[in-house]
Amino acid sequence: MFEGLNANPSTGQSIYWSGDENWDAQVISESNDSTASTLQIQMPLQDGILNGDKVFPVGATEGLRLHLTLDAVSRSCNYQWGDKGVEQPNGVLLETALAVGDGKKVAIDSTLNIVIQQGSEKNKIEVNADSTSLNTNPFSVGDCVYVSDADGNNEERLGIISSYFSSTPGVADGNFTMAVCRDAAIQANPPVPADGLALAHAQGSFVFVKNSERVNGRPSSVNIPPTLNLAAAVPISFSIENLEYLVGSVSPPAAYTAAMNTQMMSGKGLAMDFKTYSTYRVNLTAKIGLTNQLIPATAQRAYSCLSVPLSNAAQIDMAADSLGGVIDHCQNYQYVHGNKLIPDRPVPLERYNNTPPHIDALHLIELEKALLNCGFPTRNLQRMPQHFLIGRAFSKYGQVAELFGEDLSLRVEYSGEATVEKIFNHYICHLRRMTISNGRTTAF
Amino acid sequence: MNINQKEHAEVFPINPPSGAYSFRGGFPIVQFQIANQNKLLDPSSLRLNGTFKMIAPTLPPTRAPLNNTSAAPVADSNTGININNRVGIASTIHQMTISTLSNQTLETVRSYGRYLASVVPVTHSQSDFDMTNQVQNPASASRSFNGAHALNNEVSFCIPLRSGLLSGQNFIPLGTSGVNGLQLQLELAADSAVISGYETYDKADAATQMLFNPPNNGAFYELADLTLSYNLYVPDEEGQNQMAMPSTGSLSYNSISQLYSVINSSDQTKVLNLGTSNTLSVFHNFIPTNQINNYAFDSFSTGQLQNSGGTQIAPANATLNRVTFIRGGLKFPLEYDVEVQDAGEADRPQTMNTINFINSIKPYKFYNHSLMSTYTNQGIIGTIGFNYAKTPRNKNTLPDPKAEIFGVGISFDPLSKVGVDFRRTSYGVRLVSQLQDSNSPNSIFTYVRARNTLTYSPAGIAVTS
């Protein structure tokens, strides 16, 4: 809520967008389409120094420099409805067939109605206050939509969406209807068949948008009204403004500061421990069977390991969650440190593969222990399949464990149904020590 | 001192009425005494027990229990009578005074219900409201409709008293070498403050107020069979002897004090003399002045500042633009203004203000249970998963939409927790809002949490605040 988190992808119910887009009650066009909301956020930086329990002596380090590198927009942002309607395989179903010659343009703003089948399934669209998803429309004004047969053949560009509405306004369960403006010249006089659609499209054809056109925006066209050209040209992006770093400060007594200065100038120096994370990324080449990956961690005072299995294909994909772990038919996992198996027996994960996914209690207990050891209070264990990761605490009660000297590896077993190529992010939470001695700062 | 035994004690009021305790019946004060004894009181175990009954205005002398059903018409004399679902039965307590048996006042919490109206939803989740809280406080619920359902008959309750002293973890020595026993006085709130209606919501989250009609006929409540229960820890013989002998010692505890003021302009600075030396935090909550002690409105609502013309179900919010906290004329502890205008105008979380408000009640780092969400504050649902992982969603299982938990607050000393001295320096808060000048008086309830020291000696008991 305060960090810009939004659990709900349903259009019109997002904290990132204003406007309810209830197309069952009114025609939605550029004038009353959703607009982006500016959110005020205040979020902690989950780092040992910046979010730790200790006061940091900025005087001793001659200040602190904070450098944040923003991530790619395709990884940071997601479509509210995931991959629904994005690219041909995820297209929604055409309800009313289109014939050759349909959609002739008598004026620059002439439109052609495209009717989509109504329903709660992924390849249909509905608006229903009682449904699990309030409004399942994945399209926006300015999207360029295409149509093809189910097998991908017979593809044709339909045009730019200028408005959308219900086929039976005010009556529940009407079909989703888009008015699209075709990117074609105004018809010849007299009209010829080539003025309209070149191909016929049967009921059940796939209607979709292309990811690249959404991400980059479409070039302007003389055949499209200027306002629609503007809507189509907008590339997906985000902006962060008015950044401030809020920090509390304390002024220690003069004697304390003097003692600290003396210690810093001594040979022994001023030492300070802080919690931090080291990230190890492993590309998993095998998809099925028992996989084994070496985590080259050398931390001498480690707390936990958090391992997130990410989809390789989803790393730069706005239609997929790039930061959420994937389950992909995993069966169990177990860490190995030196010759020790931790925990003693593999942790089962089979239940996550049920439909709908269930949770495995032992996995949750292991994960909660690992998070707690990192310093994260567990606030929510709901919907685990959607933010899946595995973890292991190496110590308890605030103690630390030594990983240096022996290999740490992770074994994850996948069934033969696994299909996703994965990259594992392993986050080792451990202590580092900063020493300031004779004016020099070292950290190891 | 070793503890030998734990005792579960219960005492009755020292001023029992002939019938029931009732504001309307002229019995608005309840007094309890915990005797001087060589034992230690666990303050967090203290509970007020009894039965609670609401009575419809047109039914006496039959006094039939209320019948709240979803199918009931919007307004008649029997339906639509309810109390605030977040405060519950504790809303009947207007003021709580804790003193020693020698009449040394330790803590007085005025407008106790409005204190809870902010504190309880910030620190309790929906599950807490509908389960843990509801077990002890039947009127507690995340939805006002559910709370009304729970009160359709005479109900028993067992509620904690959440003052600073009684929320502490330190045991209180009740003996001569201690506080010499305790006295607890509860002053009941007016019927028109405690009772109003409840809301039902349609599929589009549009509210309908269910309020008994006509409201001025005056529904009322009664409390009966009141007792106070608590745990006592009995020391060994040596410890008991020590507690019986007059000696010197001290006890630190937090206290909650309340101040009342009114804001009636779009840019107003309230200057308050807190008079506390170890001030830990301050928070404010707001309500239009004409909605206090008014059957037609919930006197424990915690919405934004409101311009005139708002109703219970459609408040005319006056967006908060900027907040500045001041100590002795200087910005303190924040050396900057809290700017929230854009977020407020867009009806999105006023994050900078809300986090400070939460932090004044509970350290934000430990913020884990709360009713506050985009649904309660902005009406935006946040309960659906990503990528078609269908999860059950039924709005009837969610808290009341747009029933805001709004406030302004600041924690003065989150690091050392010693507190800040406001004995000789004033505290101020500047509120810049979209309130229509001179036309919309809004009441500000200010709650101050401060650290006190109780010192006992053969000469008596002294409290340093």
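This is a predicted model: local features need pLDDT of at least 70, side-chain atom pairs count only at pLDDT 80 or more; totals for chains, interfaces and linings use all residues.

Below are two exercises, each with a worked solution.

Residues are numbered from 1 along each chain as its sequence is written, while chains are lettered from A and ligands numbered from 1 in the order in which they are written.

**Exercise 1.** Work out the strand order of the open four-stranded sheet in chain B, and find its edges.

Solution. Strands here are DSSP E runs of at least two residues, helices H or I runs of at least four, both numbered from the N terminus. Two strands pair if DSSP finds at least two bridges between them.
- Step one: the order reads 2-9-5-6, with antiparallel pairing.
- Step two: strand 2 (29–34) and strand 6 (105–110) of chain B each have a single partner strand, so one side of each lacks a neighbour in the sheet.
- Step three: zoom in on strand 2 and strand 9 (residues 182–188) of chain B, which are joined by six bridges; Phe32(B) sits opposite Leu184(B) there.

**Exercise 2.** Find the residues with the most contacts inside the largest nonpolar core.

Solution. Such a core is a set of buried Ala, Val, Leu, Ile, Met, Phe, Trp, Tyr and Cys residues joined through C-beta atoms within 7 Å. 
- Step one: buried means 20 or more other C-beta atoms within 10 Å of a residue's own, placed from the backbone.

Conventions
A residue is buried if 20 or more other C-beta atoms lie within 10 Å of its own, exposed if 12 or fewer, and partly exposed in between; C-beta atoms are placed from the backbone.
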